[in-house]
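Please walk me through this structure.

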Amino acid sequence: MRRLTRLALIDIGPLRRHRDFRLLVGARAVSFLGSMVTYVAVPYQVYRLTGSSLVVGLLGLAELVPLLLTAFLGGALADAVDRRRMVQLTELALAGASGALVLNAALAHPQLWLLFVVAALMAGLDGLQRPSLEALEPRLVERDELPAANAISSLAMTAGMIGGPALGGVLIATIGLPGTYGLDVVTFAVSLGALRLMRAVPPPPDADRPSLRSIAEGFRYARGRPELLGTYGVDMVAMFFGMPNALFPALAVKLGGGASLLGLLYAAPAGGALLATVTSGWVARVHRHGAAVCVAAAGWGVGIVVVGFAPGVALALAGLVIAGFADMVSGIFRGTIWNQTIPDRLRGRLAGIEQVSYSSGPLLGNAEAGIVASLAGVRASIVSGGILCIAGVGLAAALLPAFWRYDGRAELDETPLGGPASELVT
């Protein structure tokens, strides 16, 4: 029974064994919770100021461009500077941006243009920060602990995705927008305190200086590793064809619900992801990580097909929970492949590429879903997207046999790429 329990439940061993990993997870969890509160508050304020859903939608475009511009630079910097320091500086800048939102919300006439500027600034700072955050984790745990560490990090982020929007809605209704944005500032302060307690994470001795040449080296490395190309390709295919978030408002109407049902539709995939993380003790026993990514990505498509055919609310929500569960499993194994195969000196640059791959797929997928829905209807768009997701994942697996056969045990038998003890200095 104990063995079965260990297989079913999340492995928290890395948290017990590594102090700096505990601090990093805590810092990320608190900061992300506040960011998800702001994620709800900014569109709400834009809509309240304009009454236009189109203007709210333009926020995404304002955020995408700076993110694409800074992600690769952030990756190069993550390989050339102290990663902990990079995260601290960007957290401080993000706290200042949230402070600007507080001041703007407190004005008698808040400025719409400032909301767009701050949203774009935050997206650009996220592009600078995320590669350093992603590159920190492999330096804080042992190689064979990476699947469990990925699951723990995913659990913290998923909890924020569920709790942050709900908390944001409550705070907006009770204390108003200035106080809601103020909570985000407080979470950044807590995160900065935890990061301050961590030991420094200096760049590798052979680190390259940030440059276009160093960024190009990251692309060359990714192009030469089929297992990495597989993770990027499979995720982008799954998200491009099977991302129905843009259709949720129309789907809620078809299912006979209103705003409350719409909120459940958005929350259901995160609920499935949370279920996957808390029952992820078994992931360390799976070694065919490439096959696991493909099967899980196809599972996302299956869940979306269920949503498209669902005659009522219960089955639609169940399909989204299935999809979210599968997507989280895919994410755990994608992260494990990244952390096991990428040399530490390139980890930041590859994290920048990863960020672009998993950010662009959903954005493009929402556009694709909307176009198909306008031509063939909402349900046809959802069902066809799920089917094309499954077919696309199968095609990607066939075109990249080395990715399908990828076995993590082979990587663990090679020279370690870095460890928590030897590379950290006080």
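In this predicted model, the side chains of Thr38 and Asp184 make a polar contact at 2.7 Å. Thr38 sits in helix α3, which covers residues 19-50. Its relative accessibility is 6%. Buried means under 20%, so Thr38 counts as buried. Leaving aside residues up to four places away in sequence, Thr38 touches Asp184, Tyr181, Leu101 and Pro43.

Now turn to the surface. Leu58, Leu61, Val65 and Leu69 form a nonpolar patch there. Together they have about 390 Å² of accessible area. Val65, one of these residues, lies in helix α4 (residues 53-78). Is Val65 buried, partly exposed or exposed? Its relative accessibility is 43%, so Val65 counts as partly exposed.

Next come the aromatic rings. A search of the whole structure finds 3 aromatic pairs. One of them joins Tyr232 and Trp338. This pair is tilted, with 6.3 Å centre to centre and 40° between the planes. It links distant parts of the chain, as the two residues are 106 residues apart. Tyr232 belongs to helix α10 (residues 226-242), and Trp338 belongs to helix α14 (residues 313-341). Both Tyr232 and Trp338 are buried.

Phe240 and Phe241 form another aromatic pair. Here the geometry is edge-to-face: the centres are 5.0 Å apart, and the planes make an angle of 80°. Phe240 has a relative accessible area of 31%, so it is partly exposed. Phe241 has 26% relative accessibility and also counts as partly exposed.

How values were computed
Residues are numbered from 1 along each chain as its sequence is written. This is a predicted model: local features need pLDDT of at least 70, side-chain atom pairs count only at pLDDT 80 or more; totals for chains, interfaces and linings use all residues. Side-chain values use heavy atoms; hydrogens and water are left out. Helices (H or I, at least four residues) and strands (E, at least two) are DSSP runs, numbered from the N terminus. Buried means under 20% relative accessible area, exposed over 50%, partly exposed in between (1.4 Å probe, protein chains only). A polar contact is a pair of N or O atoms within 3.5 Å; within protein, one must be able to donate a hydrogen and the other to accept it, and residues adjacent in sequence count only if both atoms are side-chain atoms. Contact means heavy atoms within 4.5 Å. Patches are made of residues with over 30% relative accessible area and no salt bridge: like charges are joined within 9 Å, nonpolar side chains (Val, Leu, Ile, Met, Phe, Trp, Tyr) within 5 Å. Accessible areas come from the Shrake-Rupley method with a 1.4 Å probe; for residues, only the protein chains shown count as cover. A salt bridge is a side-chain nitrogen of Lys or Arg within 4 Å of a carboxyl oxygen of Asp or Glu. Rings of Phe, Tyr and Trp (its six-membered ring) pair if their centres lie within 6.5 Å; planes under 30 degrees apart count as stacked, over 60 as edge-to-face and the rest as tilted.
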